[in-house]
Amino acid sequence: MAFNLFKKRTPEPVESEAPPKTTRRVNRMPKGLSRSLLEQARSDRLSGDLPTVPVPADDFVTKNQRPLVARARHLALTNDYARGFLRLCRQNIVGHQGIALQAMASDPDGQLDERANDAIEADFSRWASRGMCDVSGKRSLRQILSRSVDDAATNGEYMIRLVFDASLNDWGLGLQILDPQRCPVDFNVDKLANGEFIRHGIRYNRWGKPIRFLFTTTDESESDYNYGGRYYVTLPADEVIHGYIEDLVGQRRGLPWMVTAVMRMHNLNGFEQAALVNARASAAKGGFFEWDEGFGPTDEDDESEHNPLYMDADPGSYDELPPGLRFKERSPQFPTGETQPFSKQMIRGMSTGLGVQYNKLANDLEGVNFSSLRDGALTERDGWKELQEWLIETLLERIFEAWLPRALLKGIAVGNRPGATLRPERIEKYRAHRWQPRRWDWVDPDKDSKTAARDVANKFKSPSQIIRERGGDPRSVWRQWAADRQAMIDAGIPEAIVDSTLGDPTQTPTAGNQPSQEPNDA
């Protein structure tokens, strides 16, 4: 049987499972959005002054911090809106009573140790008074807080030195306000021993934690900056409180809070000055003298005989001019109505960058109502609360940590018994505390008081929460309430009348439930 080896053989079909169909999902950006993003990234004549390469925070601060601080300081002394912004910062962040300490030490059963808390608050208040906490003896703690807020708004940061010296006061602790510009922002060293480095005049470890601060001087007798030298006074980082708001990742020095409003303030001030000069020129109603053709002096005449003509315009009087001489009035028309809308627009932009209400910065209440004022106040107050917490976390907490052990070693007097003091070994118990910053009254207090009472009745809020939102200390309010009730009863007023006058009956301490006269930790 012969086989054709060259015959093409057809392979037999083999049954196989068809591969599953797969669908590839392609994420396509909408054309309109893609075109919009391309326009934002395009570099043309309209966007040529915008950067196209991200700049590290260190480079940005090194190149721009010093001129920004110089301009912000100048505006703080010469510009009305800058001074108004600083005043709003002091009033809303610190307030006229400062930020109060509320000690929260409690016993093992969870009850607050009122005597210990009162003693801690009273001792801290004595240290925080004027002439005690400041090494110069000029400021109280409230004034130091206000100075720190001013420095953060104009310098972008504040620096306060913790001075430990037994000769300062009984606590051996004082505060020295340092000028942040004495810490050279342009002094950088990349590589030192153990991975350390210097950035903006601050020495860091390899993890970026501050170790030492470098200053051109800390001597109060020196009145000028020394930018050229490389000899610095170094202070340990645990003795320097450095506070600033971090705008960029990796930022190590602060930028002024009014950084985006600096040029608006400067340009608006120039616009107002130009408008004022032009308005004064318009009010003067000046003009020029013109000779008709064929009249007036000729080139052949002696110039010394033809002095310039002047005329004083008195109200209701007219001067007769020589033949051929006419008066051409110069009456500038600017400003006629452009100043107010332009100024409003500029101040609105400044207010947005500064985080304050336009009507407060501009002192303009025209066209406002209850709803607009309340909505604007709520938004603005959230910003103030955030800055209050920033000041508490960066400054007051550091101060309290340094003050408490020295106060306990000095002896915090408790009660009226001589020699009774808190025990220093219980320092962990006394660390419990909170800070009560200022709060604000509402635009319509009657409506908000009714709302607060309804929230308490419906168990949405507690009475202590309402009191704290109004800026008070619940413990002080309740004790004052009980003291007033007891004083009214001691004066001979029947309890039924007292309770009906004060509202719900309040239990008055009796001999059986009076707190012990012996201090718990004395």
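Me: Among contacts in the protein with a separation of 6 or more, what share joins residues 24 or more positions apart?
Reply: This is a predicted model, and contact here means heavy atoms within 4.5 Å. Of the contacts with a separation of 6 or more, those between residues 24 or more positions apart account for 66%.

Me: How many helices and strands does the protein have, and what part of its residues is buried?
Reply: The secondary structure comes to 14 helices and 11 strands. The protein has 522 residues, and the buried part of them is 34%.

Me: Why does the distance between the end C-alpha atoms of α13 agree with its number of residues?
Reply: Helix α13 covers residues 474–490, which is 17 residues.

Me: Where around the axis of α13 do its buried residues lie?
Reply: Pro-474, Arg-475, Arg-485 and Ile-489 are buried in α13. Because their arc around the axis is only 105 degrees, they lie on the same side of α13.

Me: Which elements do the buried residues of α13 pack against?
Reply: The buried residues in question are Pro-474, Arg-475, Arg-485 and Ile-489. Their partners are β1 (100–103), α4 (114–127), α12 (463–469) and α14 (495–502).

Me: Which residues lie nearest the centre of the second largest pocket?
Reply: This pocket has a volume of about 730 Å³. Its lining takes at least two residues from each of α2 (57–78), α3 (80–94), α5 (141–154) and β3 (173–178). Of the 31 lining residues, those nearest the centre are Arg-139, Arg-147, Asp-151, Ile-177 and Asp-179.

Definitions and conventions:
Residues numbered from 1 in each chain as written. Predicted model: local features only at pLDDT ≥ 70, side-chain atom pairs only at ≥ 80, totals over all residues. Heavy atoms only, no water. Helix = DSSP H or I, 4+ residues; strand = E, 2+ residues; numbered from the N terminus. Buried < 20%, exposed > 50% of the residue type's maximum accessible area, 1.4 Å probe, protein only. Expected span 1.5 Å × (residues − 1). Arc of directions from axis to C-beta. 1 Å grid on protein atoms, 1.4 Å probe; cavity = no way out; pocket = protein on both sides within 12 Å on 5 of 7 lines; lining within 4 Å. Points joined across faces, edges and corners; volume = space filled by probe spheres on them.
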